[in-house]
2 protein chains.
Amino acid sequence: LGEDNVNEDPLRRAQLSLGQSYGDQLARRSGRIARLCDAVVVPADQDAVVALVELAQTHGLRLTPVSGATNVVGAIDGAGVDAKPWIVVDLSSLNAIRNISERDLAASVEAGVMLAELERRLGERSLTLGHFPQSFARASLGGSIMANGAGQASDGYGRMSDMLIAAKLATPRGLWRTERFRHAAAGPWLGGLVAGSEGLFGILVEADIRVTHAPEIVEDRAFALPSFAAGLEAMRALAQSGVGLSMKRLSDERETDFYGQLRLRRKGLDAPPQFERVAARLLRVPPRPALLIASYEGPRARLRTTFSEAHRILAHAGAIGLGAAPGRSWRRDRFTAPIWREGLLAHGAGVETFETAARWSELPALHATVTTAISNAIAETAGAHGVVFAHVSHSYPEGASLYFTALFPQSDDPVGQWRLIKKRAADAIVAAGGTVSHHHGLGADHAPWAQAEKGGLGLSALRALKGAFDPQGVMATGAELAL
Amino acid sequence: LGEDNVNEDPLRRAQLSLGQSYGDQLARRSGRIARLCDAVVVPADQDAVVALVELAQTHGLRLTPVSGATNVVGAIDGAGVDAKPWIVVDLSSLNAIRNISERDLAASVEAGVMLAELERRLGERSLTLGHFPQSFARASLGGSIMANGAGQASDGYGRMSDMLIAAKLATPRGLWRTERFRHAAAGPWLGGLVAGSEGLFGILVEADIRVTHAPEIVEDRAFALPSFAAGLEAMRALAQSGVGLSMKRLSDERETDFYGQLRLRRKGLDAPPQFERVAARLLRVPPRPALLIASYEGPRARLRTTFSEAHRILAHAGAIGLGAAPGRSWRRDRFTAPIWREGLLAHGAGVETFETAARWSELPALHATVTTAISNAIAETAGAHGVVFAHVSHSYPEGASLYFTALFPQSDDPVGQWRLIKKRAADAIVAAGGTVSHHHGLGADHAPWAQAEKGGLGLSALRALKGAFDPQGVMATGAELAL
């Protein structure tokens with residue numbers, strides 16, 4: 001491995017013994033970190049990763065792969081690691097982009113490559129991956145695949161499980177190369193098990209991913225819907241019509257109001273778009289509108305047909321066009337939420353997000369009951385009401401995601417408060433038929449709800465897979481608590 | 001189970017102890033069936049399937065689920081079943097369509113429902129599944145899912161693995177319900193293991209599937225491309241541009257010629273479309289053109305933009321429009337190939353098909369080497385050359401399928417001849433980087449090439465999964481020979 005590649009400096013170990021969950025942030029602020037990893041190892045290349053996994057297998061070490069360390073659900077979970085030596089494997093040296101094929105619209109990319117760097121390199125050839133999560137500035141390709149992330153434009157480009165062509169994993173049982181071509185009928189597609197596996201089976205070292213021609217044109221348009229309920233119907237019609245939008249994002253009335261107020265209060269910064277004022281001019285804006293932003297990315301030739309079809313559907317739902325300003329504002333700030341969160345935390349205000357997805361027919365009740373569950377948990381722990389709002393931002397023919405944000409005064413026991421709010425939210429999500437995570441991942445934080453989602457037999461299948469790749473439990477990842 | 005539901009009649013047993021592979025057809029004609037199942041059981045409902053699987057587990061029976069029995073790769077493989085009693089489970093009574101949700105564009109359908117019946121029922125509500133394999137007239141939903149079929153319009157509607165929302169399987173370890181909502185990041189999507197599993201894990205009893213609004217308009221347009229190579233480039237550009245066609249089918253020069261000749265010779269039947277004549281009028285048709293049929297299915301509003309974009313790409317590749325006639329002809333005959341095959345076989349002419357898929361950059365060499373391998377094997381076994389041609393009919397951003405048809409004089413040892421041609425074709429496919437099956441399945445016939453595709457570690461993962469669901473090997477399916 002090389003001595004230079006083994007780092008025992010306590011600061012570095014502390015940095016990489018946590019991710020970015022709310023609990024991680026509390027731990028980082030308080031200095032009460034459940035467990036520090038024993039060393040951070042930086043393998044120089046793929047062979048070094050393979051050697052390290054072998055070494056770990058022989059010597060009974062536990063390994064947690066890390067690249068961007070942006071996971072927000074406890075994927076790095078020192079508390080869950082047993083007494084064995086715990087090594088965090090920093091994949092930042094696996095940063096090669098080996099082959100960008102314009103002919104096959106595919107690229108071979110090492111797991112540690114940062115999303116921003118990958119987009120830059122693809123952009124040089126007028127290509128894009130199209131994966132833009134909120135963590136875009138700091139996340140890696142490997143982490144995105146292993147968490148099965150969905151970026152803001154997933155309606156257009158798909159999520160990581162759609163983009164993955166083939167993967168190469170260093171597992172304790174050896175190097176696993178998944179099928180070369182995924183669109184096949186040669187038994188179940190085993191490569192499909194990689195996306196969302198969160199390191200359970202081994203360390204992803206390289207992936208072949210699908211890339212796309214960079215869009216000729218990107219255009220955002222905003223609309224005020226009479227209500228979230230009316231907006232949901234419009235989102236459903238848009239998703240089910242197959243109209244080619246790259247993003248459809250609908251805020252509920254409270255989120256619309258919250259960001260509207262925020263913008264009004266920030267004036268003087270940089271000419272904040274005040275869509276309420278524009279809308280008011282139309283004299284038809286409903287008293288508590290729901291904001292919908294629709295984005296198009298693609299060839300110029302399809303722009304007009306796409307938006308004319310979208311406008312027809314939206315008009316049917318009572319939408320009022322608000323022009324381009326709210327979309328511009330959203331696009332400018334779209335990667336900044338994590339910074340807000342850290343800033344507010346420093347002033348005693350907790351910010352946590354909860355996300356799920358379900359069928360269209362289940363979304364209204366899911367929205368209502370989860371909002372109530374989170375509000376009640378805040379009231380119970382903080383003695384004040386806080387703010388809870390939500391948006392829908394990833395649609396499918398059969399359903400959509402739902403993303404909740406809660407802002408609340410911190411209690412005297414912030415960790416206990418967080419656990420309670422989190423538990424109430426997840427319980428309500430699962431009870432209403434939602435998945436325990438649409439795109440954040442399982443991690444230690446969601447592991448207790450895995451059984452409700454996968455079933456007993458599903459979990460036993462997952463354990464059998466774990467046994468096939470990592471029989472001695474070398475891999476240390478929050479998700480293993482689900483097994 | 002009920003005595004009436006257990007059928008020991010030799011004719012019925014013979015009918016369901018084989019599928020529709022070339023080997024099966026030879027066996028059926030010669031009366032030399034490797035092994036007859038000991039009984040055909042027709043469970044009355046899902047509970048009866050569960051009871052039967054339990055019974056089989058207790059009493060050491062082996063079970064092969066069958067519905068349409070249209071599989072062409074040895075999914076029903078009596079030769080591979082050991083000495084235990086072998087029961088074929090006829091799922092035809094599992095024919096309920098429980099819930100068609102227009103709101104969620106989803107339906108819960110029992111495994112034995114026939115595709116044609118399902119389309120009829122969906123059509124009553126202006127919906128469609130959009131799965132139209134060549135076996136449409138006789139295939140079931142359950143079989144389509146378990147083989148991970150891809151229908152002729154898969155470019156538009158997706159293949160079975162795309163359409164599957166959730167599945168319910170009676171496994172020897174109990175009833176397995178996969179995740180309710182597949183677009184999630186709660187660990188790997190285990191439901192994805194069902195499509196293509198070919199009964200390895202248990203008997204599919206019901207599936208939630210995605211449905212689509214029936215298209216407002218269906219339109220086929222045909223084009224003559226200067227060559228198959230030029231056509232491949234056009235297909236690639238069409239697939240990678242994201243232009244919304246539901247089908248793109250490109251015949252190589254030999255296939256174009258073959259069907260063209262066939263049509264000319266069939267005149268008098270029902271005014272056969274003679275696209276060669278139409279094309280000749282344009283005086284620009286290349287001497288050996290490659291026929292491309294492009295279909296649109298969707299709202300009228302998108303038709304013009306879609307075809308104008310497609311025409312621009314096709315013109316760039318040197319395509320000449322041939323109007324609607326060749327498409328009409330294709331659409332009329334699109335489910336009749338199996339009948340042709342049986343008819344020709346009765347006259348000593350073997351017809352076999354071979355299909356694969358690979359990346360665009362690999363397709364030209366794959367096409368050439370596989371064509372040569374099949375031709376040589378025919379020459380070797382029949383002392384004559386036969387006819388080998390191919391088409392591309394399912395495209396993806398990174399690659400496409402390739403479907404070969406071979407017509408050849410039968411040798412004195414038709415089974416040996418078939419095995420040799422099949423082996424040479426599969427060897428050539430795998431050597432050129434193709435998948436051993438794009439949409440027919442693994443079955444006994446492709447099982448020997450599974451290791452090349454999945455790798456040793458992949459197969460051990462598959463064995464581990466098999467162990468989790470069917471530890472004693474109750475399920476008898478051709479694909480198990482891969483393990």
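Predicted model: local features only at pLDDT ≥ 70, side-chain atom pairs only at ≥ 80, totals over all residues.
Let's start where the two chains meet. On the chain B side, 78 residues are in contact with 78 residues of chain A. Putting the chains together buries about 6400 Å² between them, and carbon and sulfur atoms give 57% of that area.

Ten salt bridges turn up across the interface of chain B and chain A. To see one for yourself, go to R302(A) and E309(B), whose side chains meet in a salt bridge at 2.5 Å, N to O.

Which elements of chain B give two or more residues to the side that touches chain A? Among the helices you'll find α8 (228–241), α11 (300–316) and α17 (450–469), while the strands include β8 (164–171), β10 (203–210), β16 (349–359) and β18 (399–409). Of these elements, α17(B) gives the most, with eleven residues. Sorted by type, the residues on this side of chain B come out as 34 nonpolar, 23 polar and 21 charged.

Finally, turn to chain A and pick out strand β3, residues 62–66. This strand is mostly covered, with four of its five residues buried. Alongside, running parallel, is strand β4 (residues 86–90) of chain A, joined to β3(A) by five bridges.

Conventions:
Residues numbered from 1 in each chain as written. Chains lettered and ligands numbered in written order. Heavy atoms only, no water. Contact = heavy atoms within 4.5 Å. Buried area = accessible area lost by both parts, 1.4 Å probe. Salt bridge = Lys/Arg side-chain N within 4 Å of Asp/Glu carboxyl O. Nonpolar A, V, L, I, M, F, W, Y, C, P; charged D, E, K, R; others polar. Buried < 20%, exposed > 50% of the residue type's maximum accessible area, 1.4 Å probe, protein only. Pairing = 2+ DSSP bridges.
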